[in-house]
Amino acid sequence: MTSIWKNYRFLILRRITQIGLMLFYVGGNYWGWNFIQGNLSSSSLFGIIPLSDPFAALQMFSAGAVMSANLIFGALIITMVYMVIGGRVFCSWVCPVNMITDAANFLRRKLNFNQIEKKQPASRNTRYWVVALSLVLSYILGVTAFEFISPISITHRAIIFGLGLGWAAMLVIFLFDLFILKNGWCGHICPLGGFYSIVGKVGLIRVDHDEEKCTVCMKCKEVCPESQVLFMVGKESLQVLSGECTNCGRCIEVCDDDALNFSIRKLAKEKSKNENN
Amino acid sequence: MVSERRRFILGTARALGIAALSGLVWSAYVDEVTSNKLILRPPGAINEEDFLATCIKCGMCVEACPFDTLSLAKPGSNKPLGTPYFEPRDVACAMCPDIPCVPVCPTGALDITKVTTNNELNINLAKMGVAIVDTKNCIAYWGIQCDACYRACPLMDKAIYLEYEKNERTGKHAFLKPIVDSDVCTGCGLCEHACVTKEAAIIILPREVALGKVGDHYIKGWDKKDEARLKNAHSETTTTELSKDRAVDSLNDMGGLLDD
């Protein structure tokens with residue numbers, strides 16, 4: 001029992017936050033709970049505090065909408081929270097699509113697809129192009145372009161407000177990640193993840209690698225959805241500073257050598273001091 | 001050997017190509033769903049073009065609606081995904097006096113000032129759509145007595161009134177014909193919901209779809225207020241070959257019209 005907890009503690013906590021949050025939203029819609037109402041695009045916490053998706057707000061700005069104070073305030077709150085805890089914490093701890101792509105990734109590992117398709121034919125920088133394209137199209141079409149097709153919104157709306165053909169979007173993402181591209185949606189295309197990667201660059205909670213304890217088993221890189229951020233494993237004792245790290249904590253759980261742990265970001269001065277010593 | 005420069009140029013061209021292709025498909029889809037002009041929005045909605053840019057699709061209005069009138073557009077419904085709408089034949093707007101759906105909107109896509117007079121909410125100002133009567137399929141226009149829509153209307157005798165007319169066919173009965181005053185009608189759809197025919201003979205359409213527009217050149221000369229619209233009228237003169245001569249000269253020119 002303790003080993004299950006040790007090996008899956010962050011995974012379990014992540015599923016609890018993801019599912020729990022969706023449950024509160026569903027309660028907000030169907031049973032009038034006022035803890036959190038709305039959905040991941042925009043919500044109201046305790047019926048007073050506004051929360052808004054900053055990427056959606058950015059698209060609205062680009063589309064030429066009149067921005068309400070409520071919306072700007074809500075987007076700022078969310079941006080600041082993720083600036084502190086790491087932008088892509090949204091991806092691994094909140095976003096319901098994460099459960100779909102994690103399931104596809106799990107199957108990929110179990111079925112050894114990763115051994116067959118070793119090379120991934122797409123760049124992980126695609127998402128930044130999609131961020132730019134979202135904003136350009138929003139400007140040209142005068143609508144929030146990504147919000148019109150976002151499988152993330154389709155999924156959380158399907159959970160909170162009823163399904164429609166939403167299952168098709170979920171299935172497509174699952175199959176895409178399973179057969180076409182490893183970490184295809186979350187790791188290559190999703191512009192929301194790209195946006196939060198940029199926001200989270202300055203995040204304070206960072207995974208820290210201790211090279212001296214590392215036995216180079218590479219379990220962490222096997223399980224990591226953004227394995228490029230772990231480039232230092234077995235080479236150098238560094239913090240994972242890439243904004244693309246989702247702080248999911250899977251690498252920490254699978255490490256048998258205690259070579260990876262959450263830490264608070266070291267400030268640049270301290271770091272250079274350590275290097276000088 | 002492939003030079004670094006060629007690799008870079010090819011890589012950039014490839015990225016641009018993919019961006020152009022996906023941009024095209026993407027905008028084609030957005031164009032397709034936004035071309036549906038028959039969607040009825042909640043009370044206080046700003047004009048459709050701005051609405052599509054401003055609505056964040058959070059569903060707060062849907063959650064606030066106590067009658068489950070509003071829904072968010074789902075995939076496959078051919079409406080802009082996630083935007084709120086209602087279909088009055090299923091559930092009409094109940095025109096709540098406290099309008100719970102509007103103040104909760106975080107972005108102003110539902111504009112509270114559109115349903116406010118003298119700092120008080122007034123649902124009668126809502127302009128969700130307008131009721132249109134299909135007079136050929138309305139049984140009241142046949143002479144059968146039915147006033148379902150008239151009775152259902154929350155603004156009875158204002159938004160829908162009955163016009164009495166003698167039924168010449170029987171010689172002893174009256175028509176009670178429902179007529180909609182589009183200035184007053186809010187488009188709540190209670191009439192469409194109440195209509196007894198198999199397909200409703202009175203339906204709600206978005207105002208931009210159903211209503212005409214006079215323009216600035218026709219004025220109700222008997223109405224002082226209406227004359228104010230003349231200020232916006234622009235004057236445009238058309239010049240053709242005939243304009244060279246004065247109009248009177250043109251009238252006096254008999255050339256070729258009379259036998260010599």
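## Basis and confidence

Residues are numbered from 1 along each chain as its sequence is written, and chains are lettered from A and ligands numbered from 1 in the order in which they are written. Because the model is predicted, local features need pLDDT of at least 70 and side-chain atom pairs count only at pLDDT 80 or more, while totals for chains, interfaces and linings use all residues.

The pLDDT, which is the predictor's confidence in each residue on a scale from 0 to 100, has a mean of 87 in chain A. In that chain, 96% of the residues reach 70 or more. Where pLDDT is low, the predicted coordinates should not be read in detail.

## Chain A as a whole

The secondary structure of chain A comprises 14 helices and 5 strands; these are DSSP runs numbered from the N terminus, with helices (H or I) of at least four residues and strands (E) of at least two. The C-alpha trace spans about 55 × 45 × 40 Å along its principal axes. The radius of gyration of chain A is 19 Å, which agrees with the value near 19 Å for a compact globule of 277 residues. This radius is taken over C-alpha atoms, and the globule rule is 2.2 Å times the number of residues to the power 0.38.

Of the 277 residues in chain A, 44% are buried. A residue is buried if 20 or more other C-beta atoms lie within 10 Å of its own, exposed if 12 or fewer, and partly exposed in between, with C-beta atoms placed from the backbone. Two residues are in contact if their C-beta atoms, likewise placed from the backbone, lie within 7 Å. Among the contacts in chain A with a separation of 6 or more, 70% are between residues 24 or more positions apart.

## Chain B as a whole

Chain B contains 9 helices and 8 strands. Its radius of gyration is 28 Å, whereas a compact globule of 260 residues would have one near 18 Å. Taken along the principal axes, the C-alpha atoms of chain B fill a box of roughly 95 × 75 × 40 Å.

Buried residues account for 31% of the 260 residues of chain B. Of the contacts in chain B with a separation of 6 or more, 65% come from residues 24 or more positions apart.

## The contact between the chains

The contact between the two chains involves 43 residues of chain A and 33 residues of chain B. On the chain A side, helix H8 (residues 151–161) provides the largest share, 5 residues. The residues of that side divide into 21 nonpolar, 20 polar and 2 charged. In this classification Ala, Val, Leu, Ile, Met, Phe, Trp, Tyr, Cys and Pro count as nonpolar, Asp, Glu, Lys and Arg as charged, and the others, Gly among them, as polar.

## Helix packing in chain A

The axes of helix H2 (residues 54–63) and helix H7 (residues 126–141) of chain A come within 7 Å and cross at roughly 40°. Here axes are lines fitted to C-alpha atoms, for helices over the stretch in contact, and angles run from 0 to 180 degrees between N-to-C directions. The crossing of H2(A) and H7(A) is right-handed; a crossing is right-handed if the near helix is turned clockwise from the far one by less than a right angle, and left-handed if anticlockwise. H2(A) contributes Leu58(A), Gln59(A), Ser62(A) and Ala63(A) to the contact, and H7(A) contributes Ser134(A), Leu135(A), Ser138(A) and Tyr139(A). These residues comprise 4 nonpolar, 4 polar and no charged.

H11(A) is largely enclosed by the rest of the structure, because 8 of its 9 residues are buried. Among the buried residues are Gly193(A), Gly194(A), Phe195(A) and Tyr196(A). The buried residues of H11(A) pack against H2, helix H3 (69–85), helix H4 (89–94), H7, H8 and H10 of chain A.

## Loop residues of chain A

Thr246(A) lies in the loop between helix H12 (219–223) and helix H13 (250–254), and is buried, with 28 other C-beta atoms within 10 Å. Leaving aside residues up to four places away in sequence, Thr246(A) touches Arg88(A), Val89(A), Cys91(A), Ser92(A), Pro225(A) and Glu226(A). Thr246(A) and Gly194(A), 52 residues apart in sequence, are 11 Å apart in space, C-alpha to C-alpha.

Asn183(A) is not a glycine, yet has a positive phi of about 50°. Asn183(A) lies in the loop between helix H9 (166–180) and helix H10 (184–189) and counts as buried, with 21 C-beta neighbours inside 10 Å. Val216(A), also a residue other than glycine, has a positive phi near 55°. Val216(A) is found in the loop between strand E4 (205–209) and H12 and is exposed, with 11 other C-beta atoms within 10 Å.
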